[in-house]
Amino acid sequence: MRFQISAITSVATRAFLLASCAIIAQTAVAQTPAAPTLQSTAKKPAKGSTKSVVPGSERPEHITVVARKSSALLQLRAKNDVSVADAAFIASHPDTNIAETLARLPGVNVLSTTVGSSIGGTASMIDNASRGEGQLISVRGIGPDYTLNLIDGVNVATAKPASRQVQLSLMPPLGFSDVVVNKTAQASEMGEWISGFVDFHTPNALELGHDAFSLKGRGDFNQQAYRYGVQRGPFNGGGVVQADATKLFGSHKQFGVRVVGYYQSRNFATQVANNNEYYWDFVHTLTGSDHTPVPSTPPTNNLIAAFINPQASFGNSLRTGGNLALDWQGEHVHAFARGSFAYSNTQQYTVQRSLQAMSTNWLPQPDGTFTVQEGGVNGSYWYETNPEIQALSTMQIGAAFDLNKWHATVAAFGSFARDDSSSVQVSYKNYQLDPSGQALILNQQFAGRPPYPVANLTAPQISEMNNFSDYVPQTSANYGYPGVETTDYKNNQALGGVKFDNMVDTGWTHAPHINFGLRYYDTIRNATNRDYSYDNPDGLLPGLAPTLASGQFQTGSISSPYLGALSRIMPFETPILSMPALKNYISGLPLSYATSGGDLPWTGNAIDSAYNANANTQRANEGLIAGYFSVPITFGAFTLEPGLRFEHSDITNRYWNAVYDTDGNLTGGAFQSDNTHYNQFLPSVFATYRPTSLSVYRASAVTSYVRPNTFLLGGGRTVTPDGNGVFTVQEGNPNLRPVVSRNFDIGGQWIAQDGSSLALTGYYKLLSDYLFDAGSSTRTDGTHYVSSDSTTNSSPSLIINKPANGGNAQAYGLEVAAEKKLRFLPSFARNLSLSGNLTLQRTHANLNLSGIANGTPIQYAPAWMFNVALSYTSARVNSNLSFRRSGKFIETYYLYKNTNIKIQTGATLISHGGISPSSASIISSSTSSPRMSRPPSQHRTY
């Protein structure tokens, strides 16, 4: 039984390495298998052998691994450039999920959130990031939307409505045979990638070669949660338990069953200084109220936030799931079945204590310019939930055949994913902090690293911030929009398909075989969004207490009703509310008090009811058929393999099209459909030179592509009047072109006799018709997260705004990975090894947008990343102490008042230490300290 203690330090405060310890007891029904061996799938297996084409390595020229696997040898034998995390590598790093582990590989960066991956767009980005763990990965400077994720070599469903991303936090850090990050792909692989593709291999029932059972456990400690008082106990951070059982049958042990199951509970707590996109201004302007900044000061140095929004977020994620493998090995046939299931239930609570300036004054300066004052400050209390239920299931059944000169794999596969959220929020306002509207000026200062805004309040002002008798429920009458709101998102996708891969031996000296195959799959995606805002024009909602001091929804589930003084960013008392009590209250309110996201009453007329029931609904069908052909040409140690892949895809979107009259009144609507077709020829050529069995040189040129997500192609159509007879239509664009990339790689890998290794790779990617993660459309105040939009003035009274492709983009870089076995050291120290990797890269994108210069960096692409680890490996003890860090990167291209401001996240600094002995009593711990400066969020701040 393995227990690991993890201390998670304060966000944006400190990061340090911590030596660790663990208690492990593993039980195996049979003895440990023999040393690792590698076999080529081109060879004919003997009866009872496991050396055949299996899921995840079914192409005849790829590697099938028997027993335990070596990452360095897998990478050496591969024809394309790969990075491998094998089972030993994964087990030696005590990460919370597999995304965190993959970030230790060269060229891989872990992300806590992206615009497209967050349900509700940027509205939940900060909440997702506050969970304090990596959820997505980017490879070689290109974001997660350009990375393809497979399980056992086949496609998996994705449930994000505005993205093609798979949220990897669903997957535990254990239970995989290995994970292969492919930086390039052969013709036999799917072409739907640009940064690369990741193949998660689940265990094979025959790979151990004997019956076995193991049980692993880990416990985590969360310092921040303990400090807040919301989660107490020695393992308040949660933990994970995993069981793994293998049973073989038959006289030659030719049939096997393997079952892996896990249960994980993870608690989290963070504090964030959050500023809203709506509420920024320039400190120094040319003309005052039109917000034109002085040109002598860079925009990023000339900003002031009208709101200061410190917040704390805490909660829990429960995850459960597992894998099932059935394998039968005959003399010429290997039949297999694979199944996996992952389920996550996250309950998250966010409390915000804001200072909000409600008036703006411009003070004239002697030189004719102006400086701004943000005044009329009120106090705000906002509490919300950000729950999320996710599920991902996959299945595959098929057989691999070795029949003389013909080697083939045929399989059927399917997958289902869901991602649902049902949030609740409530807001209160204190208008007694500055009744005159002139006494409190919000000229905040910045402190900390990264810097966050703080306000210098007097003792009476802090006392008033903590006077909950003066906090009244927010309503449309006192603030402009309601303070009680619920939002429901439901998203799912089903996928099914078949594939057929072949290798035929030719008997020719320089072209010994040819490869060809087919793949087909079809998907159905459904996405809905329903919003309910509750308000009473005649006063308070029925049954709602008049002030926050009443304690109407306040919970007694923790030792104190307050989080306490968050000394740096939130020095205010902060009540915690009971979300079940609040949900019960809202569910009992008559629907007559509710309006939709379109500000239409839920109990309105038939036209309003039809809009509310059908708007923000999308159904997408996406089908693909692909074929490929390649011929390896060999001359001794040199192999040249040209290949060609063709992919044809059909996409149909169905969405609600609302109809308005010339006065902007809703007059009706109906469902509408559009269709998109893509045909892509994807040539490739790989050159490989293997002068020795422990060295390889590679070069490749590969074309790949990514289709626009279905939301961009067929998002719902909305019409916004400006009050002066001009209408703006926002809609999807079924004529978007796919993003196509030409990928060039060259590199080498060398392994020494003592096991030390070195790998060096250079790469260059040239993208055309670039699409980027953009978030929302233009706001009425002129502030917006830019998107690749095409605006057409169809007439003086009609503006059409829809997504459009950008220009070209490029990414280039250098990857270095090395491991040195310290065999020259004396005694036990000779079992030490030092390893690390470094990625240096540059990216440039031409967005074809006014206000953003060509050559701006690509999103989610840090300029550098590195990992370093010190390991100790012996027959009894396996330990690892590691450190990783990545540079800053642009998360969102941001325009304010037509001025380009690039928003960057801070560097992420995480260190881990772990010890995994075979049989010893040792202790283990890990420390995770992400440092983040968040961009302005799109939260409605209440």
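Asp745 is buried in this predicted model, with a relative accessible area of 7%. Its side chain meets that of Arg140 in a salt bridge, at 2.3 Å from N to O. Here is a friendly tour of that pair and some others, out of the 18 salt bridges found across the whole structure.

**Glu815 and Lys183**
- A salt bridge also joins the side chains of Glu815 and Lys183, at 3.1 Å from N to O.
- This pair links distant parts of the chain, 632 residues apart: Glu815 is in strand β41 (residues 809-821), and Lys183 is in the loop between β10 (178-182) and β11 (196-201).
- Are these two residues buried or exposed? Both Glu815 and Lys183 are buried.

**Arg418 and Asp420**
- Arg418 and Asp420 form a salt bridge in which the closest N and O atoms are 2.7 Å apart.
- Arg418 is partly exposed, with a relative accessible area of 29%, whereas Asp420 is buried because its value of 13% falls under the 20% cut-off.

- Which residues do salt bridges with shared partners join into one network? They are Asp81, Arg140, Lys183, Asp745 and Glu815.

Note on methods:
Residues numbered from 1 in each chain as written. Predicted model: local features only at pLDDT ≥ 70, side-chain atom pairs only at ≥ 80, totals over all residues. Heavy atoms only, no water. Salt bridge = Lys/Arg side-chain N within 4 Å of Asp/Glu carboxyl O. Buried < 20%, exposed > 50% of the residue type's maximum accessible area, 1.4 Å probe, protein only. Helix = DSSP H or I, 4+ residues; strand = E, 2+ residues; numbered from the N terminus.
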